[in-house]
Amino acid sequence: MTEIARCTWKGMNGDPFYEAYHDHEWGVPEWDSRALWEKLVLDGFQAGLSWITILRKREAFRAAFADFDPDKVARFDEADRARLMADAGIIRSNGKIDAAISGARIYLDMRERGEDFATFLWDMVGGAPIQNHWRAGEVPAQTPLAVDMAKALKAKGFKFCGPVIVYAFMQATGLVNDHLVTCYRHEECRAMARRVV
């Protein structure tokens, strides 16, 4: 039996749950605004933690945050905030919870002004995934473009979106293809690239 060549993430190989995320989600271009916002919120919750911690709690986050429906999250009040802070299934951080709620309101404000969240993000990478060609040990923690995107998000009022978090977000949502060239998913994700219409 031939072993599948994957990216060299610490702790992934041999973990079926983590491998499934790598094999089916990570690096796939995401064009849906709501799904992009969900991932940005989850990456914000990741700050200071490992992604696998967030991934294992993702369904609890979805339940706690109304399936990341920004229309619903934007209406969360103090009772909702208290409920979230008491929910052991998620990361209980006042700042991160507040950032998620305020982020929903910013998302809606953008939409009401005719600014699509997905288009805002994809325009920053030229409308199609950036195709990188990294080998093990070469993938950066951030790039100048991630710095620019972090600044643009912060200018809108989003929080927990520094350049390292934003670059992880870009990788996960396929804004960049950072599967290693030795990984079988590199070419598969490359083939998924298309321009936003």
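Predicted model: local features only at pLDDT ≥ 70, side-chain atom pairs only at ≥ 80, totals over all residues.
Helix α9 runs over residues 144-156, and its 13 residues reach 19 Å from the first C-alpha to the last, which is close to the 18 Å expected at 1.5 Å a residue. The residues of α9 that are buried are A146, M149, A150 and L153. Seen down the helix axis, these buried residues fall within an arc of 105 degrees, so they line one face of α9. As a general point, an α-helix has 3.6 residues a turn, so residues three or four places apart point the same way.

The buried residues of α9 are packed against α2 (33-46), α8 and α10 (163-172), whereas P144, K151 and A155, on the other side of the helix, are exposed. After α9 comes G157, a residue whose phi is positive, near 110 degrees.

## Helix α6 and what covers it

In helix α6, which spans residues 78-85, the buried residues are D80, R81 and L84. They cover an arc of only 100 degrees around the axis, which puts them on the same side of α6. The cover over these buried residues includes α4 (58-64) and α7 (94-112), while E78 and A79, on the other side of α6, are exposed.

The N-terminal end of α6 is capped by D77, which has a side-chain oxygen 3.1 Å from the backbone nitrogen of A79.

## Salt bridges across the chain

Side chains of opposite charge can pair when their charged atoms come close. A search of the whole structure finds 15 salt bridges, among them the pair formed by R6 and E19, whose closest N and O atoms are 3.6 Å apart.

Another salt bridge joins R62 to E38, with 2.7 Å between the closest N and O atoms. This pair links distant parts of the chain, since R62 belongs to helix α4 and E38 to helix α2, 24 residues apart. Here R62 counts as partly exposed, at 23% relative accessibility, whereas E38 is buried, with a relative accessible area of 5%. Both residues also belong to a network of salt bridges that links R34, E38, E59 and R62.

A further salt bridge is made by the side chains of E115 and K156, which meet at 2.9 Å, N to O. E115 lies in the loop between α7 and α8 and K156 in helix α9, so the pair ties together parts that are 41 residues apart in sequence. Both partners count as partly exposed, E115 at 24% relative accessibility and K156 at 27%.

## Two buried residues in other helices

R185 is found in helix α11, which covers residues 184-192, and at 5% relative accessibility this arginine counts as buried. Leaving aside its neighbours within four places in sequence, R185 is in contact with H22, D23, H24, V28, H179 and M192.

W122 lies in helix α8, which covers residues 117-123, and this tryptophan is buried, with a relative accessible area of 1%. Between the C-alpha atoms of W122 and R75, two residues that are 47 residues apart along the chain, the separation is 27 Å.

Conventions
Residues numbered from 1 in each chain as written. Heavy atoms only, no water. Buried < 20%, exposed > 50% of the residue type's maximum accessible area, 1.4 Å probe, protein only. Helix = DSSP H or I, 4+ residues; strand = E, 2+ residues; numbered from the N terminus. Arc of directions from axis to C-beta. Contact = heavy atoms within 4.5 Å. Polar contact = N/O pair within 3.5 Å; in protein donor to acceptor, adjacent residues only side chain to side chain. Expected span 1.5 Å × (residues − 1). Salt bridge = Lys/Arg side-chain N within 4 Å of Asp/Glu carboxyl O.
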